[in-house]
Structure formats: structure tokens, C-alpha cells
Amino acid sequence: DLVVEVKALDEDETAITGRGLFYLTRGTKIVWLVYPDQRLIDVMTNNSIKTLASGNVLTGGDILPKFSVPVADIFQLAPSGS
């Protein structure tokens, strides 16, 4: 129901987006595409793609109804990409 993909530093963004679309067309309900170098998360569903940044909160929607975490907290301990 939920797939999480983390973009490698040397990976092309179209590759990770393509994998997200692959999962959605095969029945996955939510795909989180995580971009550590940009500190962004794309939340993909069959109906939309929403980009979350540091001021947003990532939720699990209907799949993980009690899950909620500020995006800034996810990247708090992550390297800055430099």
C-alpha cells in the first residue's frame, strides 16, 4: 500500500519518478519519493503529486492514519549534501 523511494545522489530524478509511477500503476496507494539533497518529499497518489518541504508535515493518509511527522524532523540528522 505504501512505497518509500530515496533518491541516490547520482540518480536522475526522472528515474525515481518513473519508479513511483510504476508502483502506482500496480496498485500501490501512496508513494513517498524522498530527495535528501534537496530535503523534499514528493507524495504521489493516483490523483496527485504533492511536494513537501521543511514547513510541512508528512502524514500517512488512509494507509497510516496515526502517522504524522514534520518534514524538517526527517532531515534533521541527514547530511546536507555538501
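What is the mean pLDDT of the protein chain, and what share of its residues reach 70 or more? Then take me through the largest nonpolar core, please.

Mentor: The mean pLDDT of the protein chain is 92, and 93% of its residues reach 70 or more. pLDDT is the predictor's confidence in each residue, from 0 to 100. This is a predicted model, in which local features need pLDDT of at least 70 and side-chain atom pairs count only at pLDDT 80 or more, while totals for chains, interfaces and linings use all residues. Residues are numbered from 1 along each chain as its sequence is written, and side-chain values use heavy atoms, with hydrogens and water left out. Where pLDDT is low, predicted coordinates should not be read in detail.

The protein chain has two helices and six strands. Helices (H or I, at least four residues) and strands (E, at least two) are DSSP runs, numbered from the N terminus. Their order from the N terminus is β-α-β-β-β-β-β-α. The radius of gyration, taken over C-alpha atoms, is 12 Å for the protein chain, close to the 12 Å from the globule rule for 82 residues, so the chain is as compact as a globular protein of that length. That rule is 2.2 Å times the number of residues to the power 0.38. Confidence is lowest in helix H2 (residues 71-74), with a mean of 94, and highest in S3, at 98.

Now the core itself. Buried residues make up 29% of the 82 residues in the protein chain. Buried means under 20% relative accessible area, exposed over 50%, and partly exposed in between (1.4 Å probe, protein chains only). A nonpolar core is a set of buried Ala, Val, Leu, Ile, Met, Phe, Trp, Tyr and Cys residues joined through side-chain atoms within 4.5 Å. The largest one has ten residues: Ile-30, Trp-32, Val-34, Ile-41, Val-43, Leu-52, Leu-58, Val-69, Val-71 and Phe-75. Strands S2 (30-35) and S3 (40-44) each supply at least two residues of this core. The largest share, three residues, comes from S2.

Look at Leu-58. Leaving aside residues up to four places away in sequence, Leu-58 touches Trp-32, Ile-41, Val-43, Leu-52, Phe-67, Ser-68, Val-69, Val-71 and Ile-74. Contact here means heavy atoms within 4.5 Å. A second, separate core has seven residues, including Val-3, Ile-16, Val-31 and Met-44. Across the protein chain, 40% of the contacts between residues at least 6 apart in sequence join residues at least 24 apart.

Check the loop between S2 and S3 as well. Arg-39 lies there. The phi of Arg-39 is near 55°, a positive value in a residue other than glycine. Most residues other than glycine have a negative phi. Arg-39 has a relative accessible area of 29%, so this residue is partly exposed.

For contrast, turn to strand S6 (residues 64-70), where Lys-66 lies. Lys-66 has a relative accessible area of 83%, so Lys-66 is exposed.
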